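The following report concerns a predicted model.

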Amino acid sequence: MTDYSALKFTSEHEWIRLEPAAPGSPTTATIGITSYAAGQLGDVVFVDLPEVGAELADGAVVGEIESTKSVGELFAPLTGIVIEKNSAVEDAPELVNSDPFGEGWLIKAEFTALPELLSFDEYQALLGDDALSVDLDGTDFDGADSDGSTETDRAGA
Amino acid sequence: MSVPFAERHIGTDHAAQAAMLEVLGYDSVTALVEAAVPASIHAHSLGDGSLIPQPATEREVIAELRTLAARNSVKRSMIGLGYYDTITPAVIKRNVFENPSWYTAYTPYQPEISQGRLEALINFQTMVAELTGLTTSNASMLDESTAVVEGMLLARRASKSTSPVFVVDADALPQTKALLATRARAVGIDLVELDLATLAPADLPAAFGVFLQYPGASGHVWNPGEIIAAAHDAGALAVVAADLLALTLITSPGELGADVAVGTSQRFGVPMGFGGPHAGYMAVRKGLERQLPGRLVGVSVDAVGNRAYRLSLQAREQHIRREKATSNICTAQVLLAVMAGMYAVYHGPDGLVRIARRVNGWAQDLAAILTAGGLTLVHQDFFDTVTVRLPGRARAAAEQAHERGYLLHVVDDDTLSISVDETTTAAELMQVAEALDARPDGDARYSPQSSLPSELNRTSEFLTHPVFNTHRSETSMMRYLKRLADSDYALDRGMIPLGSCTMKLNAVTEMEAVSWPEFAGLHPFAPHADVQGYLELIDQLETWLTEVTGYDTVSLQPNAGSQGELAGLLAIRGYHHSRGDVGRTVCLIPSSAHGTNAASAVLAGMRVVVVACDELGNVDLDDLRAKIAEHSSALAALMVTYPSTHGVYEHDIVDICRLVHEAGGQVYVDGANLNAVLGFARFGEFGGDVSHLNLHKTFCIPHGGGGPGVGPVAAKSHLAPFLPGHPFAQKIEHPASSGGTVVHGGGAVSAAPYGSSSILPISWAYVRLMGSEGLKEATGAAVLAANYVATRLRGHFPVLYSGENGLVAHECILDLRPLREATGVTVDDVAKRLIDYGFHAPTMSFPVAGTLMVEPTESEDLVEIDRFIDAMIAIKIEAELVASGEWPADDNPLVNSPHTAQSIAQGEWSHPYDRERAVFPVTSLIAHKYWPPVRRIDQAYGDRNLFCACPPPEAFE
């Protein structure tokens, strides 16, 4: 069971889990997309993730999440350096749908600067009527318009 | 006295139209259309000034076409350069090329009712992938030269090199070089031409890609392995244009290290047709699949786990990824790819090798005769093309040959090249030798030895799958083609009400001339004197199209709508540049536009800026003004579809055009929806500077299951100098609507000067049969049908957008989102359930997700239109039974659709509705039922487990 209050969010429907770092060491962040974003995309069939060592510039497009019917962009939610990518999700992109907050994480990064991020409550407010209360575990979230969308959905935007 | 053709073409007769008008509350069709089309754009009547002649009967039109055909002179073409005479197996000609079950089908976006052509296309992909020695082939490209361009663009995407250079082999086809020049210029690529056959690999310059022709345009066969390796060392991709027939004898590009292979499948049984249509191809090595442009067929499973075919990786394509797409290509060359694939099915690997050896044997024989006659060959290693030196007399010799009935390629004043093919005979070689004044002692004879470098002998197997080794008898082939055709739903079964696609009648009389030898048998670079009938037909068609669009001149060269868009945008670019306005690069595109618009703009070197639409679906004028102000000096163009992709005649179109012109921009009117205004309004009159038309929509060229298409570009005279030219054009003048001629001086966009010429007689015949009045009546009937559907269905499904007086144009968008909210039934469920009712679904989720866009066209009769409306209403009632709890949300006739015969016959029936409801929801189906061959196809499975070749037979057990 995910503790959502421990996560930070962006308006691009990404979540960030900040790891409590040892004193003196850089702080790391695990990054994924929310169940809402995954639901909007529909069945994810391919993820294109930045390589380890790649520099992230806050707000820049660093990857893609492709479903059968649309393509979402992965925006860097912070400035930093990629230290790990989830190769399991590259092999089994459906993890983004089945467990977006867990096994479906995308990249881990060391960050040098952290922008202002949304709290869970703020993110819920952003979603409004589509709030994640439908199914907070996100295991079978069924997005509002994931069927037959021929539009380029930015990751959930 | 025969019935006027318009009455055959238009499905609703006077009585039916009267009944429909009564439902709508209008007195006449004209009154209806004039109430729908804004008064500000009503066309002026041309009256007696019309350039379109009075309608002819079907019999008269055939006679006129015979007269035009007689003015073409079919010589024996030995020009080569990517076009060869070929023998279309009669069983394929009759059962595919001339069979409406194949040529009237639509693009297989509804895979459950397209399994036949999807299998045929996967045969094509398997054939191309195995012959080229690469992993994955698409299906298909528009022609060889555009495929090379796509290869160049793919190399730039995939290469890590930062170099702007693309190296081009000096021995590439001349028309390919011309296209590369046009296209590279627009996107900032530097072309460097080198003689790669003699270049030391170490001297290869820094580049993102290297292109070579294999065998070369001169016929020369050499081993490019070292050049390819050197390209890889430099971080470049190797793109190889290869001849599929030659590849049965020589080492494949894939085995030589190529990353991308491209080419044409024309010589696999598809007539030259004065340039097309033929299927180009592209295959890539493993790892580049996602970089492929165009359509890719893959294997997936259906709801019960059976193998099923579908289009894969659609998220690469322009309709989803828009300006970030891998290409703007949309319509491909499905019918021709099917034919080429079936040629390989019928001949099999052994048969293809036999044909190739025979061709190579004749080439050797020709070389022997010419050498014995004292002439010198340029290359000793060749497959089918012999290049010979004739110092100072090449042109005279070619003229001699022409008089004897042979067409040779004049390379320069001192050199000729001569290509042989599947149809070559000994007598022909002797005559050619005589024309060249090479007098051999003996007769021509077929030589068994090889003229190919032994190091390039092909050793790898190909086409081992049973499908290429089974259908050798004509009976077997006929039945295979029939089985596949029976799997599919085409216009010969019923209505295909696809919004934005205009699936109207493709009349047999219109189709007749396509396969006549005088139209089918000509090489695209045949001399002017031999193609008089074609040129006259082309001039007439161009003239008629200027009249109906209100433009000054037309180019028929673009061989698909996407290429027409590109040609139009390149003309705009050329115009701005000619005035020194090189900074005008912004292309405004409304958010409702077809994705192809944005993809084309990028390929024309423009930057896309999206203009918002308002809640009524129209261009938001305030946002347009804001975007124009923001980009004023950088504004190149606005691309706008009319009527809009929302199926509405935008009231403000005149103001929209004016605002763009005032800011120095040009207006591109996308003509995809021309069927809604033809005869009532003209793009050129209300503000357009340039448009493309889709002859495969408005002017009756059949969709062919996803191509061929023809996308002429029509423009005002100020853009004429920048419309497509061609190095082999038989003439550069084109008729101007005001009389006289204009010259099209832009770069080539298709491999052939008049694109897919052999299908132009279809559109010519349509206009000739209908006349101006008939065309106008067709528009009226199309608008009437769409408004009738909208009015009758409005009470069941909201009609999302409408214009003046609450009317739609030639199509209407049914909003299924409220149905989903109320019942959980999705647009997918409705689309697939329509299959059980015997219909092809309307366009799904374009331009708005969760909707269906219905375009009945003028060709459907009232019975069929009512049948569709009744089906939609019945499905709505079924959805309500789901909502009311009568049927569970996860087990009802909608979510389980489509139902196959097997699904109702096999095992226990455990569903809460009966079998009869499943497959015969209306009683009329009992006597006439289309059975889909598969259940609903799992889209995600196919993309996650990409497999794009013939699956092994055990997969079907």
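## Contacts and composition of chain A

Of the contacts in chain A between residues at least 6 apart in sequence, 67% join residues at least 24 apart; two residues are in contact if their C-beta atoms, placed from the backbone, lie within 7 Å. Buried residues account for 48% of the 157 residues in chain A, a residue being buried if 20 or more other C-beta atoms lie within 10 Å of its own.

Chain A contains four helices and nine strands, in the order β-β-β-α-β-β-β-β-β-α-α-β-α from the N terminus. Helices (H or I, at least four residues) and strands (E, at least two) are DSSP runs, numbered from the N terminus.

## Helix packing in chain B

Helix 24 (residues 760–793) of chain B packs with helix 27 (residues 862–883) of chain B at an angle of about 30°, their axes 10 Å apart. Helix 24 of chain B is therefore roughly parallel to helix 27 of chain B, a term for angles under 35 degrees.

Helix 24 of chain B contributes Ala785(B), Tyr788(B), Val789(B), Arg792(B) and Leu793(B) to the contact, and helix 27 of chain B contributes Ile865(B), Ile869(B) and Met872(B). These residues comprise seven nonpolar, no polar and one charged.

## Interface of chains A and B

In chain A, 18 residues are in contact with 18 residues of chain B. Strand 4 (44–48) and strand 6 (61–67) of chain A each supply at least two residues of the side of chain A that touches chain B.

## Conventions

Residues are numbered from 1 along each chain as its sequence is written, and chains are lettered from A and ligands numbered from 1 in the order in which they are written. In this predicted model, local features need pLDDT of at least 70 and side-chain atom pairs count only at pLDDT 80 or more, while totals for chains, interfaces and linings use all residues.

Key: A residue is buried if 20 or more other C-beta atoms lie within 10 Å of its own, exposed if 12 or fewer, and partly exposed in between; C-beta atoms are placed from the backbone. Axes are lines fitted to C-alpha atoms, for helices over the stretch in contact, and angles run from 0 to 180 degrees between N-to-C directions. Angles under 35 degrees count as roughly parallel, over 145 as roughly antiparallel, 65 to 115 as roughly perpendicular and the rest as oblique. Ala, Val, Leu, Ile, Met, Phe, Trp, Tyr, Cys and Pro count as nonpolar, Asp, Glu, Lys and Arg as charged, and the others, Gly among them, as polar.
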